[in-house]
Each structure stands twice: as C-alpha cells, then as structure tokens.
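Please keep the sequence and the structure in view while reading.

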Number of protein chains: 2
Amino acid sequence: MKLTEKFVDKIYQATPDAGAIESAKLGVLDFLTSCYAGKDDQGVHKLRELIQLEGGLEVAPLIGQGLKATPGQSALINGFLAHALDFDDVHVEVRGHPSAVLLPTLLALASTNDVSGKRFLEAYVVGVEVMARIARAVSDQHYEKGWHNTGTIGVLAAALAGGYMLQFSREQLAQALGFATTQSSGLRCHFGTETKPLHAGLAARAAVLSVQLTLVNFNNNKNSFDGKGSYFDIYGVGITEQNSSILLDGWNKEWKITSPGLWFKIYPFCSAAYFGADAALKIGRLPVEEIEEVIITFSNNTDAALIHRNPQTCEEGRFSIEYIVSLILQGKPLVFENFAQKPIDELSQQIISKTVRQNVQEQPHVARYTKVKVTLKNGNTIEESSTTPKGSKENKVTKQELIEKCRSNLKNEEFEETLLNSIFSFDEIKSLSSFLSIL
Amino acid sequence: MKLTEKFVDKIYQATPDAGAIESAKLGVLDFLTSCYAGKDDQGVHKLRELIQLEGGLEVAPLIGQGLKATPGQSALINGFLAHALDFDDVHVEVRGHPSAVLLPTLLALASTNDVSGKRFLEAYVVGVEVMARIARAVSDQHYEKGWHNTGTIGVLAAALAGGYMLQFSREQLAQALGFATTQSSGLRCHFGTETKPLHAGLAARAAVLSVQLTLVNFNNNKNSFDGKGSYFDIYGVGITEQNSSILLDGWNKEWKITSPGLWFKIYPFCSAAYFGADAALKIGRLPVEEIEEVIITFSNNTDAALIHRNPQTCEEGRFSIEYIVSLILQGKPLVFENFAQKPIDELSQQIISKTVRQNVQEQPHVARYTKVKVTLKNGNTIEESSTTPKGSKENKVTKQELIEKCRSNLKNEEFEETLLNSIFSFDEIKSLSSFLSIL
C-alpha cells in the first residue's frame, strides 16, 4: 500500500471522541467571535466589491454581512474575515491558523449538502488532526523557507475535512487531496498586509473546489504523496520513515484539537509575539524618556513569523515584537485600534529604534521562551521572561474566557445567547441549514 | 531600485514591434483552433457542471460552448480547453504552455474592460516575454523538481500581461505580481490526467483575480521578487546576478514570441516527444512480431515531461515516448482517437514492454536530440535521430499550415472565414466586444 492510500485510510476510519468534540465546539465559538470582530474590516469590503462583480447563486453565508454567496465566494470571504485581525486560533504543531481555513470550507460545503452538527464537528477535528500532521511531516523547514502553512497546508487539510464530512470513499479522499496538493500556495513575504488573511480564504476556496472536482469525478493523480515529484518532494523534505510515521501513527487516540489543543488569542496579533508580550507585561509601564535600550531574546528562531523589525504601520505591528513591546512599555492597551492601518506614532518609533532583537540556539530540553531586558538611562536593568503566555498549552484560555471574548466582541445580547446555545448543543443539530441562516 | 521595481518598469515601458504583433496573431489563431478542437472534451463538461452550480453574471465567453460566464469561470474553462488535448503551443524557454494561460486571462479581462485588438496583442507579446524570462530565471531546476511551469509561472505572466493590457501603473503591476506569486501552484505529478490542462485554467483564473484585487487596491507586498522568502527563494534558486539579467536585459529588441517563437503543434501530445516521434517517423512502419527491442535515447534529461514509461491509458500516452513510438512503428496515425481516455491495446503494450529509455549527458554545444534504435529478431538494426522536429525553431509550422490546422479542426467554413478575417486584422479592431461575442 502506498503512503497516500495508508493516509486516507486513517482519515476514512477516523472516529473523534467526546473530548475532541467538546474542543471543537470551543473552536467554532472562537472562530465565529473572530469573524464578527473582523466583519467591518476594509478588506472584507474590497472582497465584497469583487464578488458583486461576479454575481452567483446566494446559498452560503457571508458571516456578519447579512448576505449569502456561492460556496466558493463564501469560503474566500469567511476565510479572510476569520483571520483579518489575527485574532483567530493558532496551533503550535500546525504553525498556522487551522480554523480560518477549515471552518469556512466546512460551512460552504454544509450550505449545499445536508450535514448534521455532529458530522460537522467530527470533520473539523479530522481537519485539525490532518493539518498538524502534514505540517509536522513537511518539517519546520517548510515554514522557515517562507511558505505560509495556513495556506499551503490548510488547503490539503480542508479538502480532506470536507471530503470526510461528505462521507467520501477512500478513493475520493485521495482524489480531493490530489486537487489540493496542486493548488497549494501562500508566501510569508506578504505577512503584515491584507494578503496574509487572504491566504486563509484562498485556501478555503481551493479546498471547496477540490471537493467539487471530486464530486464531478474530474481525474487526477490519486497518489500525490508518493513517488518522485510528490507533495513532500516539492514542499517538504521528501518522504522519510519519520514523516510517514508522523502521518500514520497513533490515530483515534489523542486528538490534536485537544492536545496540545487550539491556542486561542486574547490579543489581535501574531502568537509568536505572545511570549515577549507576556514578559513585557510583567515589566509594565516605564517612563519612555528613561529607556536606554530594549533587548528581546528569542529561543531557536521562534521569531520567524515576526517579520517586521521596523514596522511602518500599526497593521505591520501585528508582526513586530519591537512595536508590541513598545506599546506595553508605554502602558498602551493591546487592542484593535493600536493595530490598524495607520502610521506608527513617534513615541513608539523612538522605543523601536532603541530595541535590539536576538536569537539563542538552545538545547532541545529548553522550553520555548522570549526574554525582554530593559536598560534605563540610570544604568538599572529590568528583565522578565515567559514560557507560558495566555493561550499556550500550559495556560489555556478557558471556556468562560471564550464566552467573555464572544460577548465583548459581539455586543448584541440576544444574538450572543442564540449563538452560544447553538454552539454548545451543536452535536445535537440534525441539519445545519437553520444554523447557517443566522450567521 | 529593487529587482521587482526594475522588472515591472521594463513591462511598463514595453513596446512590442510589428513582427511580434504578427507572431501574436498566429498565436491567437492556433489557440482558438486548439480550443475548438477540445470543445467537447469530457473535462469541459465536468467544469461546466461546476459553474452551473455557482451561477454568476454571463459576461465572458466560454469558447465553442455557446455560453457566457463570469470572468473567473471563463478563464478557468478556456484555459482548460485550450490545453485539454495538448494540442496548443509550447515555448522552449517557458518549458510550458504560454497561450493556454495568457489568452484566457486576457479574454476574460477584455470582456469587462474596453480593450482594442492592438493592445490585446501587445499584452499577449508581453505575457510570453515575461513567462519565458521568469522560467529561465527560476532555472531548469524548477521544472525538474516537479513544478508545472504552465501553472506556476503562467499565473505571474498572465497577471502582468493583464495589468499591462489595462494600462496599470508600475505600482499596480508590482501589486498584481504580488498576488500572482502567492497563488503560484501546479505539480507535474498530475501529468497525463485532466488535471494537467486544469493547471492552465487555474492559473488563468488566479491571474484574473490578481488583476481584480489590484483594481480594488487590496494590499500586499509589492516587492515579491526581493528579499528573503521572495518568489525566487521559494520557487527558484534565489536571486542571482544571472537571473536578474535574464529578467532585465535586452527588452524591446527581440521578442520571445518571435525568437525562438511559439512552437505550434501538429500532433496532440507533449512536445518533448516530438523529437522521438520525428525519428520514429523516419523509420516508419515495421512488422510488430519481428521487433526484438526499441532503445530511445534522449540528450540531457529532455524526457522529464514524459512521465509515463508504462502508460495504462491512451491519455497517459500523451506523456509516453514508448507509447508514441509504438503507434508509429505500427503505422497508426497520431490523431486524437489514439490519445483518448481508454486502455492501451495489447499490440502497443507488447512494443512498450520491449522499449528501453535512456539519457545521455551531452556537451553544451550538442543540439537537443532524441534517437530511436530498433533491433529486429533477425539481428538487423535501424536507427534514426531528430534535432529539428516540426514546430521547432528550425522547422516552424507556417502560417498556411496553421490555417489548414484551423480548417481541419473547425469544420465550419463560414465561421472559419469570419474567424480568420478577424484574427488577421486583429490589430485594427477598436473594441473587442463584438469579436468576443462570436467565440
């Protein structure tokens, strides 16, 4: 049996447990919260302009827009808006944003197929599982080279999750995977622009197309994980014993959606900055004019996602530890307004210009950390470090905190209650159509 | 000035000459001939099923279908059908199929923008130019790794050609390029299936989206050819002096569409097999039962595209020198019927099982060749070689032969005359809308 066949067989036979289903409900809640928080983003309006020029059947929801669109358009826009504020979940093994790709795909497909709430959640669990496993199997070199896993690997996971939700045969799963492999794209050089969240939407749209092409039995190579020129040859480090075992071993035991679990966000910026932000928050507000130097130290290149050392806009600041630490040292709140499309103020720029970033190669047993050291003009130094910021495995955002995040972003009590009630009884919904109509 | 800026400046300032425009007319003719020849392909019907489920405004032509669709749908389907039979032009420097991506993109964009015939042809010339230059700049390693240049590089060239046609500013060209880089995909492991021609359609659709995103000023990294993690880091061999000069030098002198020029096809299979087919045609028909062995020798891995050594279907046979030579040695014609989606007959399989393929590493001055050597059971050998098959630079398909190819594939005299008249006076058409309505 070939690797692709073995892999799709695991997916075909996947049976997520009750714990995974509960984790999935929290994922749906936080995804929708992030979508509603981003519903008025400028980029959403631009994308809505484009789809108005296309027209099309109005069958699938555009979250928070009071509109419907084609499944592909809905996947594109919902993917974008879930990730627009970088407020949606991440997953450390994925090294990217699973829900922003998976859930728009599943919602789009559930709009034109009869799907139960339980099957939807199971498919989501399978999608996170697959995305984390493929991301580990292509190795960290994939991300470090410059690929954006949310896009490149998201499309594969979402196509497989979609196929699983629609109860595809093994052969159909392999076919959907084939279409996804040949549409895999997304470059990190666009981080800090609207194109980063667009990657989530493009991947979701491509995943929907992969499922649709399979449904009309368009033909392709059904062994895209095997042989010379396979997905792993092009996007990873080839097919090795090690990455085969990452893909195939230990299914139906622990689920990646629960362990290490989705990392939910409480601030709207890149999770790679959460460690440094946590350390800076321990230091707190300082008089700007007394700061001589700020040194920020990362373990093992864990700052790769933070591509802006000298950001020009607050939006770019979502990927700048220098900017985020400058906000904290000034006592400014870590809220949307401070990460909008506008120039960075002068005081922040002053602190950024005094900030130095460095990396230390650590031994494997050393936990991921970021350290912030501030030297004042009087020679005093203050130093703090964090290995367990809010959201991480050791310091998870609780169900109650997610409900609060939802409430503070939706600001519509009646709708919040409807939504929360639906989500917490999601596995009992026989057909999703009425749920889809409230989004 | 950065590389991206310098490159888009060349495009902005491009002024194709009269010779290039005449070459472009032949390209349009052969593209449309290939589309009409492929108009009833099974894959087209599957894609039409998909877009019927989407609906959408009917503004852009689906060639030969008597239907219109959205610009994106039109780009997808026309791209697919141009390349469905592998009967469309190739370009040796592109190492792929320029027109199947460029022209569907330009037709889709011309459907919603007022464009003259001359500007359309100029944009096409620029598209071929850009596609050949980028393909050379990513080096042969790109193709040999397993990427399908038609898709991966086609999307960049088509987005830039589209932007040029719509008279984008330099900044807008850089923006469109950015969207194209982050959508670049397509794997050669799907060769020999319907997904190969789909790559042309997907690239054209992505190019249309790249132009549309630029028109609504969606933001992105406008320097996607520069810096760490740039397009050339990910898809090529980094940015070197050599590939910068390939991109930038010698513009507005000779045009790639004329020299080496588009390679037009007279047989519906991969052009990499044309050398071997030409050699086998010199040998001609032999009694199958007397064949002991067939040895086919390629220079310098020029068989990379011919991925099927032991094809199972006649369609896979489009990428199998073994199958093509077996047809010729049996005296069978090189026509569509023998490359359809059906199993390969027993007699052809017998010859294939006696065929050995080999590669010889040659010195740079040795011209590309394929050699066919047949050993008979009586010990006699027959050997022929070709360096200049029909279609190649040294043995170009003439205008008259292209007109004949058009006539023998369209089989509708009145329409042929209308089409030929339009194409040969294409540069005099003030607005393309009435031309688009006859397709």
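Which strands of chain A does helix α15 (residues 274–283) of chain A lie across? Helix α15(A) lies across β3, β5 (370–376) and β6 of chain A, and runs at about 40° to β5(A). Axes are lines fitted to C-alpha atoms, for helices over the stretch in contact, and angles run from 0 to 180 degrees between N-to-C directions. Helices (H or I, at least four residues) and strands (E, at least two) are DSSP runs, numbered from the N terminus.

The model is predicted: local features need pLDDT of at least 70, side-chain atom pairs count only at pLDDT 80 or more, and totals for chains, interfaces and linings use all residues. Residues are numbered from 1 along each chain as its sequence is written, while chains are lettered from A and ligands numbered from 1 in the order in which they are written.

**The sheet of chain A**

In chain A, four strands make up an open sheet with mixed pairing, in the order β4-β3-β5-β6. Two strands pair if DSSP finds at least two bridges between them. The edge strands below each pair on one side only.

| Edge strand | Residues |
|---|---|
| β4(A) | 355–360 |
| β6(A) | 381–386 |

Strands β3(A) (residues 291–299) and β4(A) run parallel and are joined by six bridges. N359(A) in β4(A) is the bridge partner of F298(A).

**Contact between the chains**

In chain B, 41 residues are in contact (C-beta atoms, placed from the backbone, within 7 Å) with 41 residues of chain A. To the side of chain B that touches chain A, α3(B) gives the most, with five residues.

Methods: Contact = placed C-beta atoms within 7 Å.
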